[in-house]
Amino acid sequence: MIRPKLSPRRPLAATAAALAGLATALALTAPAGATSASPSPTAPATPTATPTATATPSATATTGSGGEPAPSCVAAADARYTHTFDGPAGKASITLTNGPLCRGEEQDLALVSYVTPSAKFAVPQYVLDKSVKKFTGVAPGELGVATLDFAVEVPNCYTQVDFVFGSKLIDPLTDTSDRYGDRKVGSPTGIGARSTGPSAWYNGGAGTCSAAPEVIAESDCDGNVELTLVNRSGNAEATFAIVGSGGFTEKVTVPLRKIETRKLSAGEAQEITVTAPGMKDFTGGWQKPADCQQPGVGTPDASYESSCDKMIFRISNPEDGTPLTSVFTPSKGEPKKLTVEPGRTGTVSFPASKGLTVTVTGDLDSGGPLKWEQPKDCPSTGGGGGGGDQDGGLPVTGAAAGAIAAGAATLLVAGGVLFLVARRRRIRFTV
């Protein structure tokens, strides 16, 4: 039997079919290999960037890297609050609910108490106490103060207490002054409406407020008097009525816990009366202060010298001096009295003798005995016993005077300008 030859087409077709099937299987299995949990060691790792939240004004909270809300901030104009208020107790608080404020932003608030003339709104009103605080902005990521607490003193009489936005206070509050208006916290409109809570203003109290006036008078050396009008411890204004000499009158209103001054001239200050409700009347006038100095008076020049035959005293009184009268008492002989008018010079002399001393009293004072001392170059026959001018005249002239003058060059000359005592000065002679 003859077998026919095998044709190569059938093996080739089978091989082609097998290859096609393998290709199809590989194509179907490729995606599963790409999602394998174990990446190939040769594949580079690519990090994924995480966004960073940046706080901006009026920004809402974003998520930080830790998964927690990042701090946000708000502009002062967009801030919102809640508050509490107790007017009779003088207390208030306010909480920032959508803060903190952004860096550079701030918001002032103030609690203020007034003394008023009525339990209902009436003027004038004077500030008794105040408390001013503020919220301030913070940097991104920082924490800010969320709540501010306020407290003020409330008078034990008619009062008004206001809690307001801003730090500008009105004092006094009068018919013509500004008003807080919608600056009051809790107002239905304006800036005050940014806070939710009770109306933060109060009028009430009981009884009329009283003042505590006081007067302090101080005289100067020129005859003037300065009055210090004090309403230091009262809780209402005080009105002082001043009456002085020469028809002077003035009324001065001093707010509570304040001080005013008024100066009356010498012509107005001789007799002064000050009255005020609630104060004992003040009466007085100018009184010379103890530390006032006398008008300038020239100082006299007092000196003495010893010659061979005399002990001579000289007093020179300046033009702006006062009359001087002194008594010169020697240890031997009679005392002599000398008066020297302003602008004049006077002398007193005594005969020289061993042991001679002279004491000066009166407007000029030597402070004790002054001793005559014989010059070294006096003639042996003339020293210690020579005569002299008993009438207090100047030394004699001529030949004898020349000798005395020559010897006087080596004499002890003492004297000087001494101190002034009141109007009648005493000068101490010194050796």
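Modeller: Happy to; we will go through disulfides, a sheet, and then aromatic rings. Please keep in mind that this is a predicted model.

Colleague: Let us begin with the sulfur links. How many disulfides does the structure hold?

Modeller: There are 4 disulfides. Counting bonded cysteines along the chain, their pattern is 1-2, 3-4, 5-6, 7-8.

Colleague: Which cysteine does Cys73 join?

Modeller: Cys73 is joined to Cys102, with 2.0 Å from S to S. The angle about the S-S bond is 85 degrees, and this link is right-handed. Cys73 sits in the loop between α1 (9-34) and β1 (81-86), while Cys102 sits in the loop between β2 (91-96) and β3 (106-115), so the pair ties together parts that are 29 residues apart in sequence.

Colleague: Are those two cysteines buried or exposed?

Modeller: For this we look at relative accessible area, where buried means under 20%. Cys73 has 10% and is buried; Cys102 has 6% and is buried too.

Colleague: What about Cys157: where is its partner in the chain?

Modeller: A disulfide joins Cys157 to Cys209, again with an S to S distance of 2.0 Å. This link is right-handed, with 90 degrees about the S-S bond. Cys157 is in the loop between β5 (147-151) and β6 (159-165), and Cys209 is in the loop between β8 (201-204) and β9 (214-219), which puts these distant parts of the chain 52 residues apart. Both Cys157 and Cys209 are buried.

Colleague: And is the link of Cys221 and Cys292 left-handed or right-handed?

Modeller: That one is left-handed, at -100 degrees about the S-S bond. Its S to S distance is 1.8 Å. Cys221 comes from the loop between β9 and β10 (225-230), Cys292 from the loop between β15 (282-284) and β16 (301-306), and they are 71 residues apart. Here Cys221 is partly exposed, with a relative accessible area of 44%, whereas Cys292 counts as buried at 15%.

Colleague: How should I read a pair of aromatic rings?

Modeller: Such a pair is described by the distance of the ring centres and the angle of the planes. This structure holds 6 aromatic pairs. In one of them, the ring centres of Tyr81 and Phe135 are 5.6 Å apart and the planes are at 35 degrees, so the pair is tilted. Tyr81 belongs to strand β1 and Phe135 to strand β4 (residues 126-136), so this pair ties together parts that are 54 residues apart in sequence. Tyr81 is buried, with a relative accessible area of 1%, and Phe135 counts as buried at 2%.

Colleague: Which rings are linked into a cluster?

Modeller: Tyr304, Phe313, Phe328 and Phe350 are, through ring pairs. Lys336 lies over the face of Phe350, at 4.9 Å from the ring centre. Elsewhere, Lys133 lies over the face of Phe150, with 5.6 Å to the ring centre.

Methods:
Residues are numbered from 1 along each chain as its sequence is written. This is a predicted model: local features need pLDDT of at least 70, side-chain atom pairs count only at pLDDT 80 or more; totals for chains, interfaces and linings use all residues. Side-chain values use heavy atoms; hydrogens and water are left out. A disulfide is a pair of cysteine sulfur atoms within 2.5 Å. Helices (H or I, at least four residues) and strands (E, at least two) are DSSP runs, numbered from the N terminus. Buried means under 20% relative accessible area, exposed over 50%, partly exposed in between (1.4 Å probe, protein chains only). Rings of Phe, Tyr and Trp (its six-membered ring) pair if their centres lie within 6.5 Å; planes under 30 degrees apart count as stacked, over 60 as edge-to-face and the rest as tilted. A charge sits over a ring if NZ of Lys or CZ of Arg is within 6 Å of the ring centre and within 35 degrees of the ring normal.
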